[in-house]
Amino acid sequence: MKAVILAAGRGRRLEVLTRHRPKCLIDVGGKPLLYRYFDVLAHLGVTRICMVVGYKQEHIREAVASYPTATDVTFLVNPDFERGSIGSLWTAREAMDDDVVIMDADVLFHPAVLDRLLNSSHANALLMDETVTQHTEECMVVMRQGRVTALSKQVPDECDLVGEGVGFLRVERAAVPQLLRSVESRVKQGLLDMEYEDALMDFFREVPVGVEKIGGLPWIEIDFPEDLERAKQEILPRLGNPGGSGPG
């Protein structure tokens with residue numbers, strides 16, 4: 001299993017904090033958010049990591065070089081990081097030479113969240129917080145007849161189950177070609193301002209993708225200053241500390 005962490009974006013909605021550093025390096029409880037990823041991945045036995053970088057990538061490279069649990073990290077550069085995240089997923093295509101877990105780089109999460117995905121009975125799976133309903137622009141996992149049909153902010157009328165997506169996708173190596181074809185078709189159309197989730201419709205039609213429900217486990221996507229405050233006040237106190245005693 002290899003982790004692919006998408007960390008190229010600017011994080012404009014947190015610009016007060018990301019003006020001088022990438023979003024994944026914001027401090028959460030005395031430690032950069034990215035270090036928390038490394039700790040959990042190492043704790044769960046995932047040591048091969050590819051990071052897609054772009055905005056202020058030199059800061060990420062320096063942070064990785066100084067952290068003890070980041071022992072096998074490679075980098076790919078998304079030159080179009082100012083546009084949608086589809087460019088980052090497409091940039092990562094050459095790293096997908098194994099079963100992969102694709103991870104957005106802006107989530108604070110309990111180790112059990114990722115453990116549930118890595119040990120899923122589904123070869124291809126998404127995480128779903130089934131306790132969350134859409135209020136504004138949450139990216140929702142949509143299921144019908146036992147499989148994922150969409151991962152989008154636009155929820156179709158016909159569905160059996162909907163919950164918020166955590167931002168992590170597990171793909172077995174055998175299904176990587178279908179994933180990349182789905183993304184490539186949008187890239188060839190020049191749709192580089194698209195978020196990668198909206199480029200996965202063909203993938204979901206071709207490949208059965210299941211879900212692991214994580215309602216009740218602590219996690220939060222950090223997009224806005226109020227998310228960061230909630231992460232520190234509500235989520236962080238509920239997390240464990242897997243292997244995490246490195247520099248913060």
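Q: Starting with K188, is that residue buried or exposed?
A: K188 is exposed, with a relative accessible area of 67%, where exposed means over 50%, buried under 20% and partly exposed in between, using a 1.4 Å probe and protein chains only. This is a predicted model, in which local features need pLDDT of at least 70 and side-chain atom pairs count only at pLDDT 80 or more, while totals for chains, interfaces and linings use all residues. Residues are numbered from 1 along each chain as its sequence is written, and side-chain values use heavy atoms, with hydrogens and water left out.

Q: Which side chain does K188 meet in a salt bridge?
A: K188 meets E184, at 3.4 Å from N to O; a salt bridge here is a side-chain nitrogen of Lys or Arg within 4 Å of a carboxyl oxygen of Asp or Glu.

Q: What about D193 and R83, which parts do they tie together?
A: Their side chains form a salt bridge of 3.0 Å, N to O, and since D193 lies in the loop between α6 (176-188) and α7 (201-206) and R83 in the loop between β3 (73-77) and α4 (86-91), the pair ties together parts 110 residues apart in sequence. D193 is exposed at 54%, whereas R83 is partly exposed at 37%.

Q: Switching to D39 and K31, buried or exposed?
A: D39 is buried at 4% relative accessibility and K31 is buried at 7%, and their side chains meet in a salt bridge of 2.9 Å, N to O.

Q: How many salt bridges are there in the whole structure?
A: A search finds 15, and K2, R48, D97 and D98 are linked in a network of them.

How values were computed: Helices (H or I, at least four residues) and strands (E, at least two) are DSSP runs, numbered from the N terminus.
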